[in-house]
Amino acid sequence: MYPRLDKNTERKLIALGKRQYYKVLLLTSLWIVGVIAAWYAYAVTRERPLTHPTSFIFPLLIILPFFPFHAHRVLLSKTFYGRVMSAKYRMKRKLILLSYAEMRNPEYLTADVVFVGRNGEKVETNYKLASILADRIYYKPDDYILSIRGLKYPIKCPIPENREHICPLCGSFIKVGKRRCSWCRADFS
């Protein structure tokens, strides 16, 4: 039997996830519509077809919310109770080196975590955030979690009362006994 959060906390977390989901959906939709309008205006003013080679930047701008900002992770996620199947460290190599420090040390530490739900949902994620990697990996195998559509980080079930835990919205640590993030102000008490 999976442990569950109390109804009030679960309801607040789901409402927080919905707000985040609709915010990302609205911003992504507005961005795509704006880029398509600019693309069309560019083609009309230059008297060229939409597929002219000088219009190559517009398809790149359309994918901008998905590639660096990972909007698809928020939009395609699901709400489910589950557990952590595996959590491992891995060294990755940076593809683009922008500074001298990155050139001297081009590798960074990541955590690969696999979550499996009761109904067979499977989510594989890769975390680079220092809070997830602090004290080894925050999510340990056989931990029970609640993954909520719209939130980046699953919530441990039950929420740890005797140690710091991760804010499901931004990934910052929340102090012992608190249910409000001091960084993003998300409240789920």
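Is S147 buried or exposed? I shall begin with that residue, and I note at the outset that the model under discussion is predicted.

S147 belongs to strand β4, which covers residues 144-147. Its relative accessible area is 12%, and because the limit for a buried residue is under 20%, S147 counts as buried. Setting aside neighbours within four places in sequence, the contacts of S147 are K78, T79, F80 and P154.

Let me turn to the nonpolar cores. The largest of them has 16 residues, and the members that touch the most others are L5, L13, L151 and I155. Two elements, α1 and β5 (155-157), each give two or more residues to this core.

Finally, the pockets. The volume of the largest pocket is about 1500 Å³. Its lining comprises 43 residues, and those nearest the centre are P68, F69, H70, R73 and K152. By class, the lining holds 24 nonpolar, eight polar and eleven charged residues. At least two lining residues come from each of the helices α1 (7-46) and α3 (71-75), and likewise from each of the strands β1 (80-93), β2 (107-117) and β3 (122-127).

Technical notes: Residues numbered from 1 in each chain as written. Predicted model: local features only at pLDDT ≥ 70, side-chain atom pairs only at ≥ 80, totals over all residues. Heavy atoms only, no water. 1 Å grid on protein atoms, 1.4 Å probe; cavity = no way out; pocket = protein on both sides within 12 Å on 5 of 7 lines; lining within 4 Å. Points joined across faces, edges and corners; volume = space filled by probe spheres on them. Helix = DSSP H or I, 4+ residues; strand = E, 2+ residues; numbered from the N terminus. Nonpolar A, V, L, I, M, F, W, Y, C, P; charged D, E, K, R; others polar. Core = buried A, V, L, I, M, F, W, Y, C linked by side-chain atoms within 4.5 Å. Buried < 20%, exposed > 50% of the residue type's maximum accessible area, 1.4 Å probe, protein only. Contact = heavy atoms within 4.5 Å.
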